[in-house]
Amino acid sequence: MQHKIDTQSIGPQGEVMAHAVEACVHCGFCLPACPTYAVLGEEMDSPRGRIFLMKEVLEGNLQLEEAAPYIDKCLGCLGCVTACPSGVPYGELISTFRGWAEPRRHRSPFARAFRLGIMELLPYPKRFRAGAQLGRIGKVFKPLLPQALQAPLELLPERLEPAPPLPEFFPAKGPRRARVALLAGCAQQVLKPNFNWATLRVLAENGVEVVIPSGQACCGAAAMHTGERGRALALARQNLKAFPNDVDAILSNAAGCGSGLREYGLLFVGEPEHEAAEAFSKRVQDVSAFLVNLGLVEPPALKQPLKVAYHDACHLAHAQGVRSEPRKLLRSIGGLELVEIPEGELCCGSAGTYNLEQPAIAATLGERKARNILATGAQAIATGNIGCFTQIQSHLRKLRREVPMYHTLEILDLAYQGKL
Amino acid sequence: MNPALSELGRIYPPERLLVQPGQLVPYESDALTAFRARPLAVVLPETTDEVVQTIGWCARHKVPYVARGSGTSLSGGSLPVEGGLVIGLNRMNKLLRLDPAERVAVVQPGFINLEVSNAAAPYGLYYAPDPSSQPVSTIGGNLAFNSGGAHCLKYGMTSNHVLGAKVVLPTGEIVELGSQSLEGVGPDWLGLFVGSEGLMGIAVEVTLRLLPKPEKYHTVLAAYDSLEKAGNAVAAVVASGLLPGAMEIMDHLAIEAAEAAVKAGYPMDARALLIVELEGEAPEVEAEARHLGDVIAASGAYEVRVARDADERAKIWKGRKAAFSAVGRLSPDYLVQDGVVPRSKLGQALLEIERLSQQYGLRVANVFHAGDGNLHPLILYDGKVKGQLEQAEALAGEILKLCVSLGGSITGEHGVGMEKKAYMPAMFSQADLALMRRIRRAVDPDELANRGKMFPHSEAPALTPHGPHPLEKAGVIWRE
Ligand SMILES: Cc1cc2nc3c(=O)[nH]c(=O)nc-3n(C[C@H](O)[C@H](O)[C@H](O)COP(=O)(O)OP(=O)(O)OC[C@H]3O[C@@H](n4cnc5c(N)ncnc54)[C@H](O)[C@@H]3O)c2cc1C
């Protein structure tokens, strides 16, 4: 598409955005892949509509505040990227645009405080844990709270599991086949500590030794995707320093965090560390992809057959192209029957902090996902992302149809232990 | 809000009456972004009654309007009329009835083409017309453009698969055209509506014919070292008496683009690829497959592949169906053209297009429904280079004239819309056009429905972002 974006005056970020706008031919193949278009049925809530809006704002033809509500409604699920035949790097466009737009936005004091609250809480497991404890108490007062504050409370579990501190080093079992560094992830350390423990045990079982660098920070994805570029950069700089070079790969077991790390190249456009950040990004892999490449040590077969639905986290499937690997891992467990979820490409509505900022759309998508999962008749659900996990669990609970949920690696862990 | 608009506000809740600039901008174009126009408002009806009330409002206030499905028109068909109303029908997307015994489906206009086949699949049925845009485009849009697809060679276009339509006329009356069965009474009124590009009213319910899914497919991919050989192979297949479900050709630029987009596994060194698909009852397809094998072997293909299973077949088609949009990877801008030549003149037309491409210094990618002579030259240009768009449009014009002079047509399936109306006189006589116009005025005296489209010398095109349209400069079209 033609544009008149003045890349000179916007700088390197301008180039990134202009390149994406150019690639779009407005053919509309993104429409059926877009969750907000599915729910709202409006052109401005579709990827090509948003591209049009961003272009107009960047060209100076449209006030930012006119476009902002629709840009905000984008989940950043990147379903459109999978669907796009023209190869529009939509993720790069929306992230960069949000970063460009944020300092120019007019937000109410409440909205500012709410965003600040999320940004000061989520990336810091200790604070988040304390906040979550408070939140559980706060649930009692939920009906009295403004709508915006009810959504986060709904996602909190009834009780927080104990979270023993993670080791800095976890040795391989038997002969060492590889050495990796693990990003521990923020929210999951509080909400689902077992994700990391299961990951460590499965890696050990496969002859992989793991370091968990203590200096690591939040990946910064949430900040980056909501336009808080400064915060994202600060967190990312810590990680560039903290992660060692003497490892075969940097692993993540949370889709959103892994794709965040893989976006450092984009985040650092125009910064002195750009090259180092690109190199860092290339070393990052999702744990499932790493295990498939390494060659999984075959787990023992299940005692009883189990029908499992695998839920594709958008930031694995769309952002990282990791679809077959988790399925391969699960299929390698004898007696496990894998089923596909109808509309599997469609986001569950979690999308980082989206379910906090756009609770209504998130809830519609969450319920739709839960119903689609239930339609499979699966006895258990596997996924590779803490955000999807809490979102789906909370919507199954709302439908009063709870199905046991696991991280993909938890299922492998249980299989190795013979507990499934 | 002006008084007329607030009257509209009594029909629609605020979330379905869009008036803010941020809401209107995304509706300014369809899939032909060279044209843009800002509508007065966009409404999103959910019921027939809302459509009727809206049309009534337009008639009272003399506001022109355009119906919009998914906005994938490639000819400016769903481009708004400047200052007019856009009636977005994508929310009227229900399947009203599916009758497997009668083999019909009744859908609202915003129902997506591919969803018809998905809904019919459990009964072993499907909806045959398969435009490449089928995962996106709506039945309403398909009807208005009489859309076709790869498999229309054997089964015909949309018009062959629509049994009836409930239409809100520009006067606000509701009429039922066609019938639920294949036999009708009197003239083919429905036929007049199909392909009328939104100028004769808005379809609010459409009855579609479903077909039993072919028992067996046999999909062949043949690679050639020249476009001409591929073209001749098409003629040879037809001459041999076979009637394949589809016959498609892609040239090397299109192959490159499609491969980059979906990794279909096409042979990358080919100058042309021919896809031929046989379909039907298993014994029949098997016999035909042997026959086809001989014809292809004799046609000079240097590599021939046969899809071994449904996945391989899907992969071959995926590349073909993604080809248009994928060309966006090769060039910042391009025009999709759509012209028809008699099948026997394919080779000649392609040579001539190649000559024109060299003359204009612009690359042209070719993807086309070879079986019915429907060419889709994609003209690659860079809008940032001054004058290139105008060059591209001039080249497109020459290709269309070429099609007409070879005895073909200026559009196979993408419609006339805004883009091709200036070429109508090349195909139709003054008397032909005058009759069409009289019929249109009989139905829509104020010419409110999709005003300014299809007829040459009808109201002017929207302002383009790059100054006067070349046809304007040539004095063929003008704006008031
Ligand atoms: C990548 C790509 C590939 C394509 N491939 C093909 C192809 O293979 N074959 C083909 O034929 N076309 C193709 N097209 C063109 C386009 O998809 C078709 O013309 C399609 O039928 C348009 O449907 P739509 O829902 O997007 O309609 P729109 O673009 O929204 O509207 C098209 C026209 O229909 C009118 N209209 C819409 N709904 C109604 C209604 N309910 N009642 C009356 N009029 C109505 C509009 O006013 C407009 O004039 C392609 C387009 C793209 C972008």
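In chain B of this predicted model, strand β5 and strand β6 (residues 104–107) run antiparallel and are joined by four bridges. Strands here are DSSP E runs of at least two residues, and helices are H or I runs of at least four residues, numbered from the N terminus; two strands count as paired if DSSP finds at least two bridges between them. Within this pair, L95(B) sits opposite V107(B) in β6(B).

The pair belongs to an open, antiparallel sheet of five strands, ordered β5-β6-β10-β8-β9 in chain B. The edges are taken by β5 (95–99) and β9 (174–178) of chain B; each has a single partner strand, so one side of each has no neighbour in the sheet. On average, neighbouring strands of this sheet are turned by 10° against each other, direction ignored. Angles are taken between lines fitted to C-alpha atoms, for helices over the stretch in contact, and run from 0 to 180 degrees between N-to-C directions.

Chain B also has an open sheet of four strands, this time with mixed pairing and the order β1-β2-β4-β3. Here β1 (17–18) and β3 (65–68) of chain B are the edge strands, each with a single partner, so each has one side left without a neighbour in the sheet. Inside chain B, strand β2 (residues 41–43) and strand β4 (residues 85–88) pair in the parallel sense over three bridges, and V42(B) faces V86(B) in β4(B).

What lies across β2, β3 and β4 of chain B? That is helix α3 (residues 48–61) of chain B, running at about 170° to β4(B). The helix α3(B) also lies across β8 (162–168), β9 and β10 (202–209) of chain B, at about 140° to β10(B).

Next comes the meeting of the two chains. Contact (heavy atoms within 4.5 Å) links 41 residues of chain B with 30 residues of chain A. About 2,700 Å² is buried between chain B and chain A, with 53% of that given by carbon and sulfur atoms; buried area is the accessible area (1.4 Å probe) that two parts lose on being put together, summed over both. P26(B), V136(B) and S325(B) supply 18% of the area that chain B buries against chain A, more than any other three residues.

A cavity is a set of points on a 1 Å grid over the protein atoms alone where a 1.4 Å probe fits but cannot get out, and its lining residues have an atom within 4 Å of a point. Grid points are joined across faces, edges and corners, and a volume is the space filled by probe spheres set on the points.

The largest cavity holds about 140 Å³. Its lining has 17 residues, and those closest to the centre are C24(A), C30(A), I51(A), C84(A) and V88(A). Helix α4(A) gives the most to this lining, with three residues. The lining of the largest cavity has 13 nonpolar residues, three polar and one charged, where Ala, Val, Leu, Ile, Met, Phe, Trp, Tyr, Cys and Pro count as nonpolar, Asp, Glu, Lys and Arg as charged, and the others, Gly among them, as polar.

The second largest cavity has about 120 Å³ of space, and α7(A) gives the most to its lining, with three residues.

Residues are numbered from 1 along each chain as its sequence is written, while chains are lettered from A and ligands numbered from 1 in the order in which they are written. Local features need pLDDT of at least 70 and side-chain atom pairs pLDDT 80 or more, totals for chains, interfaces and linings use all residues, and side-chain values use heavy atoms, with hydrogens and water left out.

How values were computed: On a 1 Å grid over the protein atoms alone, a cavity is a set of points where a 1.4 Å probe fits but cannot get out, and a pocket is an open set with protein on both sides within 12 Å along at least five of seven lines; lining residues have an atom within 4 Å of a point.
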